[in-house]
Amino acid sequence: MSESSSVKKRLDSIYKGLSTNMCHVHVYDILCQDIKRWIPASEPCSVHRLDKPTTGCLLVALNSVSGKSLSRQFTQGTVQKSYLALVRGGEKSFSSKQGRIEAPISYLDGRAQIDDSGKEAITEWEVLGASTKIPLSLLRLGLVTGNKHQLRIHLAKILQTPIVGDSLYSSKPLAPAIAEVTDIPENRLFLHASEISFYKYTERGKRYRLKIRSPIPPDLKIVCEDADIDLPHIDGTVVIDEEVDGIDDRYLWDRRKYN
């Protein structure tokens, strides 16, 4: 079994006691230290990133060999990522229940902008629920291309439904009605990497797709419940797309296989 692992980015615990303006790399270092305590023989290395305020699944390779393998999958587009986003806008903000955004992106001083001559950027979206009380909706997002700030700029500028807490791409204040129904934490971007999947191989060479799901953060649950938005049931778990002989959850997470 390839020495790779996907761990959930536990921001609620990692950020506790840390300054909000602390460099993102420090948080990643803490995460790597946690992995090494769990699997002493590992040498964790990064294969992708999440924006600092984004919660959810983060894929980390346990050594450079598996890191190169996973990086190839990102380059080839075989890694699939799904996000949940709480956005500003009710049911009437959407002309349909789902759609696909194809709007190229360029960057100026690290900030994304829609640009017809920019990098290809494709986002798939689906409305999971919309509040009938206040202008808030919950979307599931499929990241087809993985550009920096892609989801944030596409939702803010193409759908015109910015993510709650995204002050970088929308300076418009929240509707007063929202504050009357629920509390929105300050400096909280409601974007959650809910699922990531990639290919792995058994010791006999059979390929299978491994999915890792991250549970919905408590504060997102509270806001959706206050707004009467139905939430999908997502447990933090490991899922195999098909039955593979000799592979089960216990095998996948057995630390003895990495020591």
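**Exercise 1. Is histidine 149 buried or exposed, and what is its relative accessible area?**

Solution. Begin with the kind of model: this is a predicted model, in which local features need pLDDT of at least 70 and side-chain atom pairs count only at pLDDT 80 or more, while totals for chains, interfaces and linings use all residues. Residues are numbered from 1 along each chain as its sequence is written, and side-chain values use heavy atoms, with hydrogens and water left out.

Histidine 149 has a relative accessible area of 11%, so histidine 149 is buried. To place the residue, look at the loop between strand 9 and helix 4, where histidine 149 is found; helices (H or I, at least four residues) and strands (E, at least two) are DSSP runs, numbered from the N terminus. Finally, consider the backbone, where histidine 149 has a positive phi of about 60 degrees although it is not a glycine.

**Exercise 2. Describe the protein as a whole.**

Solution. Count the elements of the fold, and you find seven helices and 12 strands in the protein. Then turn to burial, where 46% of the 259 residues are buried. For the surface, the protein exposes about 13800 Å², and carbon and sulfur atoms supply 47% of this area, which is computed by the Shrake-Rupley method with a 1.4 Å probe. Last come the contacts, that is, heavy atoms within 4.5 Å: among those between residues at least 6 apart in sequence, 66% join residues at least 24 apart.

**Exercise 3. Which residues of helix 6 are buried, and what covers them?**

Solution. First, list the buried residues of helix 6 (residues 218-226), which are Leu220, Val223 and Cys224. Looking down the axis of helix 6, these buried residues fall within an arc of 95 degrees, so they line one face of the helix; the arc is that of the directions from the helix axis to the C-beta atoms. Now ask what lies over these residues: the cover includes strand 4 (80-88) and strand 9 (136-143).

**Exercise 4. What surrounds arginine 88, and how far away is the nearest side chain of opposite charge?**

Solution. Arginine 88 is buried yet has no salt bridge, and the nearest side chain of opposite charge, aspartate 166, is 8.3 Å away. Here a salt bridge is a side-chain nitrogen of Lys or Arg within 4 Å of a carboxyl oxygen of Asp or Glu, and for charge, Lys and Arg count as positive and Asp and Glu as negative, while His and the chain ends are not counted.

Then search for polar neighbours: a polar atom of the side chain of arginine 88 lies 3.1 Å from the backbone oxygen of proline 173. Leaving aside neighbours within four places in sequence, arginine 88 is in contact with several residues, among them Pro135, Gln160, Val164 and Leu174.

**Exercise 5. How many salt bridges does the structure hold, and which parts do two of them join?**

Solution. The structure holds 12 salt bridges.

Take aspartate 166, which forms a salt bridge with arginine 152, with the closest N and O atoms 2.8 Å apart. Aspartate 166 lies in the loop between helix 4 (150-158) and helix 5 (176-181), and arginine 152 lies in helix 4, so the pair ties together parts that are 14 residues apart in sequence. Both aspartate 166 and arginine 152 are buried.

Turn next to arginine 213, which forms a salt bridge with glutamate 195, with the closest N and O atoms 2.8 Å apart. This pair links distant parts of the chain, with arginine 213 in strand 11 (residues 207-213) and glutamate 195 in strand 10, 18 residues apart. Arginine 213 is partly exposed, with a relative accessible area of 28%.

To finish, trace shared partners, and you find that salt bridges join Arg49, Asp51, Arg152 and Asp166 into one network.

Key
Buried means under 20% relative accessible area, exposed over 50%, partly exposed in between (1.4 Å probe, protein chains only). A polar contact is a pair of N or O atoms within 3.5 Å; within protein, one must be able to donate a hydrogen and the other to accept it, and residues adjacent in sequence count only if both atoms are side-chain atoms.
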